[in-house]
Amino acid sequence: QKRVGILTSGGDCPGLNTVIRAVVSHATLTYGWEVVGISYATKGLQEKTTVPLTLHGLDLRGIDPLLSMGGTILGSINKGDTLAHVDEIMAGYQALKLDALIGIGGDGSLGILSQLQHQGNWQFIAIPKTIDNDVALTERVVGFDTAVNTVVDALNRLTFTAASHDRVMIVEVMGRTAGHLALHAGIAGGADVILIPEIPYTIKDICAHLQELRDRWGRRFAIVVVAEGAHIPDDSLNYAACSKPSCGIGQLIADELRNCSHETIDIRAAVLGHIQRGGIPSALDRLVASAFGKAAVDLIASGKSGEMVAWQNGEVVALPLEAVLAKSPSLVDPHNYLVETARSLGIYVGNLQ
Ligand code: F6P
């Protein structure tokens with residue numbers, strides 16, 4: 001009989017509740033354990049605040065909403081001051097009488113949990129989640145697939161309105177350091193230009209590409225996908241030149257592209273923002289979440305600790321968390337097959353150096 005804590009840490013994403021459901025189901029049905037939901041990540045340990053989790057506890061007419069609900073019923077914190085409260089967190093873990101802990105997080109929050117695990121000598125298993133897809137050594141993480149689909153859906157919508165008005169539509173997507181989301185969604189959503197933090201680009205080259213689309217292919221509209229962390233190109237003006245009060249990279253590029261040619265270019269910028277973090281988890285995210293939740297419980301049953309479940313070659317494996325963190329965040333390799341694919345399809349993805 002074990003009492004296992006579970007918490008969600010860092011920015012939310014679709015599929016977190018699906019992991020919680022899988023952990024509770026497997027731990028209860030297979031092992032007869034009790035699973036304790038910890039509120040608001042490590043803050044819940046610090047303050048000893050929990051959420052009751054029982055099998056079918058949230059049933060509504062036999063429906064388990066956790067399978068398909070976005071967000072996290074446990075709550076989460078992003079960029080908290082966890083390391084200033086280590087003693088209280090250790091005391092909270094003891095007071096809650098936990099035998100083991102499962103933490104669902106991205107590379108930042110898993111790094112903090114790893115430090116706490118060592119200090120408290122906890123039995124700890126990590127599950128990777130992030131819409132940025134930047135946790136190393138795993139081909140899949142919870143939440144990324146749904147976010148890609150959300151952006152592709154937005155691009156479909158924006159394509160029709162852009163085409164109707166002969167406009168260039170700049171679409172800013174999340175991704176502060178890694179451009180996986182912009183790259184995947186840009187290819188799947190039919191972008192003409194994809195700008196990511198890992199690959200430099202110039203406004204001059206974007207202008208030339210848009211011009212070529214018009215002159216050579218008769219295209220009167222274009223879709224530019226830009227990751228929020230894409231660097232401002234050297235040949236552009238700086239943020240001060242941006243005309244909007246809360247100016248992100250999307251708006252900046254829109255302003256720069258207006259000077260592309262003497263012809264007037266009609267340009268609009270859209271920031272997708274936290275829409276990308278919400279929504280019903282996709283089938284793939286539900287599968288990944290369920291498989292990861294099950295694997296985490298089995299790892300605890302076999303006495304493992306300090307490991308992260310990962311997806312490699314179509315299977316769920318366990319890796320030392322420290323090895324994963326040492327290689328995270330994992331960025332887009334500018335020479336990878338997706339960048340090459342995008343270029344082969346005539347998409348401008350910046351300049352290889
Ligand atoms: O880490 C995921 C992420 O979605 C980033 O792409 C984004 O910059 C960030 O979270 C925003 O998080 P928040 O607004 O919750 O601080």
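Because the model is predicted, local features are reported at pLDDT of at least 70 and side-chain atom pairs at pLDDT 80 or more, whereas totals for chains, interfaces and linings use all residues. Residues are numbered from 1 along each chain as its sequence is written.

The secondary structure of the protein chain comprises 11 helices and 11 strands, taken as DSSP runs (H or I of at least four residues for helices, E of at least two for strands) and numbered from the N terminus. The chain has a radius of gyration of 22 Å, close to the 20 Å given by the globule rule for 353 residues, so it is as compact as a globular protein of that length; the radius is taken over C-alpha atoms, and the rule is 2.2 Å times the number of residues to the power 0.38. Along the principal axes, the C-alpha atoms fill a box of roughly 75 × 45 × 40 Å. Of the 353 residues, 48% count as buried, a residue being buried if 20 or more other C-beta atoms, placed from the backbone, lie within 10 Å of its own, exposed if 12 or fewer do, and partly exposed in between. Among contacts between residues at least 6 apart in sequence, 75% join residues at least 24 apart, where contact requires C-beta atoms, placed from the backbone, to lie within 7 Å.

In an unreviewed UniProt entry, the annotation "binding site" covers Gly11, Lys79, Gly80, Gly106, Asp107, Gly108 and Ser109. These residues span 99 residues in sequence, yet no two of their C-alpha atoms are more than 14.4 Å apart, so they gather at one spot. The UniProt positions follow the numbering used here, the feature names are shortened, and such annotations may be inferred rather than shown by experiment.

Glycine 80 is located in the loop between β3 (50-53) and α3 (86-95) and is partly exposed, with 18 other C-beta atoms within 10 Å; when residues up to four places away in sequence are not counted, glycine 80 touches Ala41, Thr42 and Lys43. Glycine 106, in the loop between β4 (100-105) and α4 (107-120), is buried, with 25 other C-beta atoms within 10 Å. Beyond its neighbours within four places in sequence, glycine 106 is in contact with Gly10, Gly11, Lys129, Thr130, Asp132 and Val135. Aspartate 107 belongs to helix α4 and is likewise classed as buried, having 22 C-beta neighbours inside 10 Å. With neighbours within four places again left aside, the contacts of aspartate 107 are Asp134, Val135, Leu325, Ser328 and Pro329.

The residues around the ligand are Gly11, Asn78, Gly106, Thr130, Ile131, Asp132, Met174, Gly175, Arg176, Glu228 and Arg277, assigned where a C-beta atom, placed from the backbone, lies within 6 Å of the molecule. This shell divides into 2 nonpolar, 5 polar and 4 charged residues, with Ala, Val, Leu, Ile, Met, Phe, Trp, Tyr, Cys and Pro counted as nonpolar, Asp, Glu, Lys and Arg as charged, and the others, Gly among them, as polar.

Helix α4 has 14 residues and reaches 20 Å from its first C-alpha to its last, close to the 20 Å expected at 1.5 Å a residue, the expected span being 1.5 Å times one less than the number of residues. Its buried residues are Asp107, Ser109, Leu110, Ile112, Leu113, Ser114, Leu116 and Gln117, and they pack against α2 (42-47), α3, β4, β5 (124-128), β10 (307-312) and α10 (321-326). Just after α4, asparagine 121 adopts a positive phi of about 55°. Helix α8 (residues 249-257) is mostly covered, with 8 of its 9 residues buried, and the elements that cover these buried residues include β6 (168-173), α7 (203-217), β8 (222-227) and β9 (267-271).

Two loop residues complete the description. Glycine 273, in the loop between β9 and α9 (283-301), counts as exposed with 12 C-beta neighbours inside 10 Å; glycine 273 and methionine 174 are 99 residues apart in sequence and 6.6 Å apart in space, C-alpha to C-alpha. Threonine 54, in the loop between β3 and α3, is exposed, with 11 other C-beta atoms within 10 Å, and its C-alpha atom is separated by 40 Å from that of alanine 227, 173 residues apart along the chain.

Key: Contact = placed C-beta atoms within 7 Å.
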